[in-house]
Amino acid sequence: MSNAEQETNGAAGAPLTTKSKVLETSASMAQSFQPVKALCAHLNAFHVYASEPNRCVEANHYCAHINEDVRQCLIYDTPEPTAKLIGVEYMISAKLYKTLHATERKLWHSHVFEVKSGMLFMPGPEGLPTGIWEEAENKEMEDIVGLYGKTYHFWQVDRGDKLPLGEPQLMGSLTHEGQGGEALKAMWKERDEKFRISTEQKKEKREYIGVPEVHEGE
């Protein structure tokens with residue numbers, strides 16, 4: 001069987017050889033990986049295809065701050081070691097969003113519904129009491145609710161692609177109840193069960209978070 005016919009970790013290709021594993025381990029011990037070490041938050045949510053608003057995919061964001069007004073996130077399909085890097089998202093403050101041209105604004109999305117619905121959350125560490133973690137999570141949500149995101153996915157894992165094929169896809173966020181239909185409801189329920197969380201509980205605990213103005217172009 002050729003490498004092109006093989007599949008490993010959900011992607012086309014052969015398993016790592018012993019040589020590759022040794023080189024990988026050696027490099028990880030010798031190099032600094034400073035940009036990756038700057039990652040400071042893991043966020044989980046669902047993204048929707050801008051061209052197909054009822055088509056959704058789970059997105060695990062690993063984010064870092066460039067400064068107080070700009071964040072950048074690597075998007076993976078799962079939080080597992082073999083996860084695929086499927087996209088990137090940039091987040092900016094409303095202050096910067098308001099400086100964008102109207103045509104550019106159309107590429108960005110609000111995070112208001114994601115935060116207020118309880119859908120966006122930060123997976124917590126094992127063993128930490130839920131109440132303590134949710135307090136920290138809500139502090140993060142207070143900041144994210146006013147940010148705008150620009151997201152592109154390169155790997156359409158939801159349709160079973162074994163490689164990142166085709167053009168990059170502009171993605172959006174959920175903005176209202178009922179979006180995504182029954183398929184999203186099932187995905188959402190499965191996600192909550194997997195992470196052992198309650199979206200409804202998170203929604204209730206975020207009622208105090210104010211709803212910022214969503215500016216024209218969103």
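Predicted model: local features only at pLDDT ≥ 70, side-chain atom pairs only at ≥ 80, totals over all residues.
Good morning. I shall begin with strand β3, which covers residues 41–49. How many of its residues are buried? The answer is nine of nine, and the strand is therefore described as mostly covered. Please look at the two faces of β3. Ala41, Leu43, Ala45, His47 and Tyr49 point one way, while His42, Asn44, Phe46 and Val48 point the other way, and all are buried.

Which strands pair with β3? One is β4, residues 52–67, which runs antiparallel to β3 and is joined to it by nine bridges. The two strands form a hairpin, with two residues between them. Within this pairing, phenylalanine 46 has glutamate 58 of β4 as its bridge partner. Another is β9, residues 169–173, again antiparallel, with three bridges to β3. There, valine 48 stands opposite glycine 172 of β9.

The charged end of arginine 55 sits over the ring of tyrosine 49, at 3.8 Å from the ring centre.

I turn now to rings that meet other rings. A pair of aromatic rings is described by the distance of the centres and the angle of the planes. In the whole structure, a search finds four aromatic pairs. In one of them, the ring centres of tyrosine 62 and tyrosine 76 are 5.7 Å apart; the planes stand at 80 degrees, so this pair is edge-to-face. Because tyrosine 62 belongs to strand β4 and tyrosine 76 to strand β5, the pair ties together parts that are 14 residues apart in sequence. Tyrosine 76 counts as partly exposed, because its relative accessibility is 23%.

Phenylalanine 121 and phenylalanine 195 have ring centres 5.3 Å apart and planes at 75 degrees, so that pair is also edge-to-face. It links distant parts of the chain, 74 residues apart: phenylalanine 121 is in the loop between α5 and α6, and phenylalanine 195 is in helix α7. Is phenylalanine 121 buried or exposed? Phenylalanine 121 is buried, since its relative accessible area is 1%, and the limit for buried is under 20%.

Why does lysine 84 count as buried? The reason is its relative accessibility of 13%. Among the residues that lysine 84 touches are Tyr76, Trp155 and Val157. Asn9 is also in contact with lysine 84; a polar atom of the lysine side chain lies 3.3 Å from the backbone oxygen of asparagine 9.

Thank you for your attention.

Conventions: Residues numbered from 1 in each chain as written. Heavy atoms only, no water. Buried < 20%, exposed > 50% of the residue type's maximum accessible area, 1.4 Å probe, protein only. Polar contact = N/O pair within 3.5 Å; in protein donor to acceptor, adjacent residues only side chain to side chain. Contact = heavy atoms within 4.5 Å. Helix = DSSP H or I, 4+ residues; strand = E, 2+ residues; numbered from the N terminus. Pairing = 2+ DSSP bridges. Phe/Tyr/Trp six-rings, centres within 6.5 Å; stacked < 30°, edge-to-face > 60°. Lys NZ or Arg CZ within 6 Å of the ring centre and 35° of its normal. Lists of a residue's contacts leave out its neighbours within four places in sequence.
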